[in-house]
Amino acid sequence: MPYAKNAAWNMNARPRCLDALELEASIFDGMNIGLIAIGSELGFLDFRHPNHDWRTTRPNLTTWFSEASQRSSFKSTEPWEWIPEDGG
């Protein structure tokens with residue numbers, strides 16, 4: 001799939017995925033590979049798309065991510081430099 005088409009799909013599908021996660025976030029428990037993946041994606045959104053406000057309408061997901069982000073395992077893997085997607 002060409003990049004532009006893939007990017008358009010991502011931006012259209014992402015809000016629906018985030019809305020579904022919002023419904024489930026209040027029952028997230030502990031930490032497992034699925035929750036690590038969710039936390040990684042939310043961190044990616046903050047890092048790559050800082051103008052994408054996913055938190056305003058998703059308070060449960062926001063609370064979960066705020067708490068998960070305080071874990072040492074999340075803090076130690078935070079990106080520290082923005083690298084353009086084309087590598088240049």
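Which residue caps the N-terminal end of α2? Hi everyone, let's start there. The answer is N32, with a side-chain oxygen 2.9 Å from the backbone nitrogen of G34. Helices here are DSSP runs of H or I with at least four residues, while strands are E runs of at least two, both numbered from the N terminus.

A word on the source: this is a predicted model, where local features need pLDDT of at least 70, side-chain atom pairs count only at pLDDT 80 or more, and totals for chains, interfaces and linings use all residues. Residues are numbered from 1 along each chain as its sequence is written, and side-chain values use heavy atoms, with hydrogens and water left out.

Now the overall picture. The protein has four helices and zero strands, running α-α-α-α from the N terminus. Of its 88 residues, 23% are buried, meaning under 20% relative accessible area with a 1.4 Å probe, protein chains only.

Back to α2, which spans 33-48. Its buried residues are L35, I38, G39, L42 and L45. Seen down the axis of α2, they fall within an arc of 115°, so they line one face of the helix; that arc is taken from the directions from the helix axis to the C-beta atoms. As background, an α-helix has 3.6 residues a turn, so residues three or four places apart point the same way.

And what does α2 supply to the largest pocket? It gives seven lining residues, the largest share. Helix α4 (72-75) supplies at least two. Lining residues have an atom within 4 Å of a point of the pocket, an open set of points on a 1 Å grid over the protein atoms alone where a 1.4 Å probe fits, with protein on both sides within 12 Å along at least five of seven lines.

How values were computed
Buried < 20%, exposed > 50% of the residue type's maximum accessible area, 1.4 Å probe, protein only. Polar contact = N/O pair within 3.5 Å; in protein donor to acceptor, adjacent residues only side chain to side chain.
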